[in-house]
Amino acid sequence: MNGLRRMDIKFLRGIGPKRAELLEKNLGIKTYHDLLFHFPTHYIDRRSIYRIIDFAGEDMPSLQVKGKFISFTVQGEGAKTRLVGLFSDGSAVMEVVWFQRIKTLRQLYHTATEYILFGKPSNFNGRWSMVHPEVDTPEAASAQGGFRGVYPLTEQLRNRGFSSKTFSTAVSDILSGIREMAETLPQEIISRHRLIGIREAISAIHSPQSPAQLEQARLRLKFEELFYLQLDIQRYARKRNSAIQGFHFPRIGHFFNTFYSEFLPFPLTNAQKRVIKEIRADMATGRQMNRLLQGDVGSGKTLVALLCMLIALDNNTQACLMAPTEILATQHFETITKLVSAMGINVRLLTGSTRKKERAVIHEQLSDGSLHILIGTHAVIEDNVRFHNLGFIVIDEQHRFGVAQRARLWTKNVIAPHVLVMTATPIPRTLAMTVYGDLDVSVIDELPPGRKPVVTLLRYEEDRFKTYQGIGLQLRLGRQVYIVYPLIKENEKLDLKSLEDGYENICETFRDYKVAFVHGQMKPQEKEYQMNLFASHEAHILVATTVIEVGVNVPNATTMLIENAERFGLSQLHQLRGRVGRGEGQSYCILMSKRKIAKDTRKRLELMTSTTDGFAIAEADMQMRGPGDIEGTMQSGIPIDLHIADLATDGQIVQLARDTACTILDSDPDLQSPANALIRSQLNLLTTRIRDWSRIS
Ligand code: ADP
Ligand code: MG
């Protein structure tokens with residue numbers, strides 16, 4: 001394989017220096033190896049030939065027809081000059097149009113010769129045509145086997161005469177020119193997972209003889225890609241784990257036990273118990289814990305965090321809980337103070353608006369160790385905040401913090417504190433494993449008993465009157481209501497206007513009720529004031545932008561109306577919806593949308609009405625948007641540059657690759673054994689190094 005990486009494609013028949021340059025510029029293809037790993041994106045079944053008379057519909061796929069040209073004419077002038085061939089397959093006639101290389105093609109193609117054309121038909125005024133199809137003789141076409149790859153090309157390459165055929169010819173030339181291709185996976189792994197060999201895989205991925213063979217080729221290549229990626233991530237993670245010393249928390253003592261037996265407000269769910277066990281086990285190893293706690297909105301993550309913080313206190317260290325907003329931090333502070341106040345635990349709140357005097361007290365108590373639990377916003381990571389002995393950090397709603405901010409918490413102690421990152425944005429397992437390879441994941445997959453799933457409805461403008469009637473009913477029952485507008489972006493005057501209009505409209509419609517109003521551009525104090533109006537039930541309706549997305553807990557609010565729901569992403573809608581359905585009453589979420597929306601948008605909204613399962617929604621979100629787009633990974637800039645594997649659909653292969661990688665590292669952590677020489681050298685060829693993700697939390 002190494003040889004292939006050194007062979008320049010300019011030496012290939014039919015490529016040459018000029019075309020090689022173009023390929024490098026457009027697709028980064030320089031060597032035989034690059035070319036062999038430039039895979040088709042889809043395949044045409046060479047065995048089926050369409051009839052022109054059967055063409056129908058607006059959006060025909062690319063396909064093949066077989067027939068003869070009746071005539072060629074050059075039409076138009078200047079830039080619009082084109083070669084037009086009339087092509088008949090006996091069933092009907094269509095136009096074939098070329099805008100480039102007119103002279104060459106005019107000489108190349110003849111009437112009366114039989115050709116197979118491959119391209120995408122389009123229809124102008126009832127007449128079918130194909131622009132720049134690929135043209136083969138039937139012999140050449142059948143020589144390429146059952147299926148024919150269609151390769152990703154750029155406009156420039158297409159204009160310069162490159163086609164899928166250029167690639168398949170070059171690939172088959174390379175393959176027939178080399179006697180053997182060095183295997184890139186150890187034989188033992190290949191036979192254990194019943195994979196096909198590299199040469200067969202490469203050959204089949206370019207021109208498969210059957211769908212089954214294509215599947216095998218894909219499996220082999222995806223596995224290989226994911227295997228080396230996992231190996232790299234895992235190897236790195238293990239090194240880090242052995243290098244970083246963590247706190248050893250062997251004790252479950254006074255605080256935890258007293259709280260558990262006397263102050264626990266309700267029995268823990270089984271999922272909460274399991275997660276606490278997982279965290280306890282981590283903290284008892286002496287290795288620094290780095291754990292992601294995923295739990296759908298309302299699943300009770302706060303209580304889990306508190307119990308773990310108590311373990312830290314039992315082991316004579318301090319704990320810190322960091323939340324993304326002042327409102328959330330305050331809410332956590334109030335909840336936790338209420339729960340532990342009788343136990344003599346010193347809990348304090350530190351945010352941007354903490355007074356100077358209180359700040360001084362906090363600083364002093366932190367450094368002399370008399371402050372047990374500090375709760376706050378990112379004010380807690382400021383330089384002048386110093387702990388006596390910080391043993392445990394909880395970060396709530398992880399995706400709101402940048403990587404750098406999180407990393408700063410690590411520096412708060414000589415020994416790295418244990419870190420628990422909590423998120424309600426479910427990161428699909430495959431993604432979590434791939435990008436956070438070394439972050440352990442715990443999942444609370446069960447809601448506290450008695451919760452009723454939120455009923456979600458999709459409504460249009462003409463349903464508004466009825467919708468308001470429904471809201472009125474909830475208000476009369478003494479329930480509260482959220483009305484949400486799309487986020488105000490900077491300088492988006494229009495959004496602000498629609499929010500303000502909406503607010504006025506709501507005040508008008510529901511005259512008997514008090515309406516609170518928040519958006520992201522308000523001063524924090526004003527925001528706080530308005531939120532409190534709603535939280536204290538003084539206000540019945542809260543008109544808001546997505547600032548309420550995270551964490552707010554008002555169990556009496558049973559209805560949420562989301563305006564312009566078509567403008568929100570799936571995960572965001574799910575987060576928003578999580579604000580209702582937190583109490584006893586049946587809750588509703590109404591998605592108000594334009595009637596005319598794109599297919600994908602409709603799919604998104606309909607999915608919301610059909611499920612409340614956060615994981616299902618996250619998976620669907622990833623499939624619709626692609627993993628690179630997922631909020632959070634995008635912010636942390638993790639490069640998921642996969643060639644053939646697809647994180648959205650290849651979860652099982654990721655798992656297999658990870659298990660295989662772990663088994664190997666278990667017995668040979670540094671890959672020093674001669675048996676792993678191949679793996680070692682392949683790994684070194686990986687060009688994109690996985691960077692230090694270990695400190696993401
Ligand atoms: P989230 O995971 O979204 O942060 P919270 O920790 O805010 O969820 O919990 C949501 C609500 O569920 C809170 O009102 C909390 O008191 C309640 N809760 C948590 N655990 C349980 C439980 N085991 N049984 C009943 N209610 C619970
Ligand atoms: Mg929460």
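Predicted model: local features only at pLDDT ≥ 70, side-chain atom pairs only at ≥ 80, totals over all residues.
**Entry 1: R464**

I started with R464, which counts as buried at 15% relative accessibility. For my own bookkeeping, buried means under 20% relative accessible area, exposed over 50%, and partly exposed in between (1.4 Å probe, protein chains only). Residues are numbered from 1 along each chain as its sequence is written, chains are lettered from A and ligands numbered from 1 in the order in which they are written, and side-chain values use heavy atoms, with hydrogens and water left out.

Back to R464: I found this residue in helix 18 (residues 464-476). Helices (H or I, at least four residues) and strands (E, at least two) are DSSP runs, numbered from the N terminus. The side chain of R464 is joined to that of E563 by a polar contact of 2.8 Å. A polar contact is a pair of N or O atoms within 3.5 Å; within protein, one must be able to donate a hydrogen and the other to accept it, and residues adjacent in sequence count only if both atoms are side-chain atoms.

**Entry 2: around ligand 1**

Next I looked up the ligand. Which residues are the closest to ligand 1? They are Q272, G298, K301, T302 and R451, out of 16 residues that surround the ligand; a residue is near a molecule or strand if one of its heavy atoms lies within 4 Å of it.

I sorted the shell around ligand 1 and got five nonpolar, seven polar and four charged residues. In that sorting Ala, Val, Leu, Ile, Met, Phe, Trp, Tyr, Cys and Pro count as nonpolar, Asp, Glu, Lys and Arg as charged, and the others, Gly among them, as polar.

Then I checked some atom distances. Q272 has a polar side-chain atom 2.8 Å from a nitrogen atom of ligand 1. For K301, an N or O atom of the side chain is 2.8 Å from an oxygen atom of the ligand. For R582, a side-chain N or O atom is 3.5 Å from an oxygen atom of ligand 1. Taken alone, ligand 1 exposes 570 Å², and the protein buries 81% of that. Accessible areas come from the Shrake-Rupley method with a 1.4 Å probe; for residues, only the protein chains shown count as cover.

**Entry 3: salt bridges**

Side chains of opposite charge can pair when their charged atoms come close. I counted 21 salt bridges, taking a side-chain nitrogen of Lys or Arg within 4 Å of a carboxyl oxygen of Asp or Glu as the rule.

I picked R148 and D136, whose side chains meet in a salt bridge at 3.0 Å, N to O. R148 lies in strand 9 (residues 147-150) and D136 in strand 8 (residues 134-136), so this pair ties together parts 12 residues apart in sequence. R148 is buried at 3% relative accessibility, and D136 is buried with a relative accessible area of 3%.

I then went to D445 and R274, which also meet in a salt bridge (3.0 Å, N to O). D445 sits in the loop between strand 16 (440-444) and strand 17 (455-460) and R274 in helix 12 (residues 270-283), so the pair ties together parts that are 171 residues apart in sequence. D445 counts as exposed at 56% relative accessibility, while R274 counts as partly exposed at 34%. I also noted a network: salt bridges that share partners join E134, D136, R148 and K165.

**Entry 4: aromatic rings**

How many aromatic pairs does the structure hold? I have 17. Rings of Phe, Tyr and Trp (its six-membered ring) pair if their centres lie within 6.5 Å; planes under 30 degrees apart count as stacked, over 60 as edge-to-face and the rest as tilted.

F37 and F39 have ring centres 5.6 Å apart and planes at 40°, so I logged the pair as tilted. Both F37 and F39 are buried. Y503 and F517 are stacked, with 4.3 Å centre to centre and 15° between the planes. Y503 lies in helix 19 (residues 493-509) and F517 in strand 19 (residues 515-518), so they tie together parts 14 residues apart in sequence. Y503 is partly exposed at 24% relative accessibility, whereas F517 is buried at 11%. I also wrote down one aromatic cluster, formed by F69, F72, F87, W98, Y109 and Y115.

**Entry 5: positive phi**

Last, N316 has a positive phi of about 60° although it is not a glycine. I placed N316 in the loop between helix 13 (301-314) and strand 11 (318-322).
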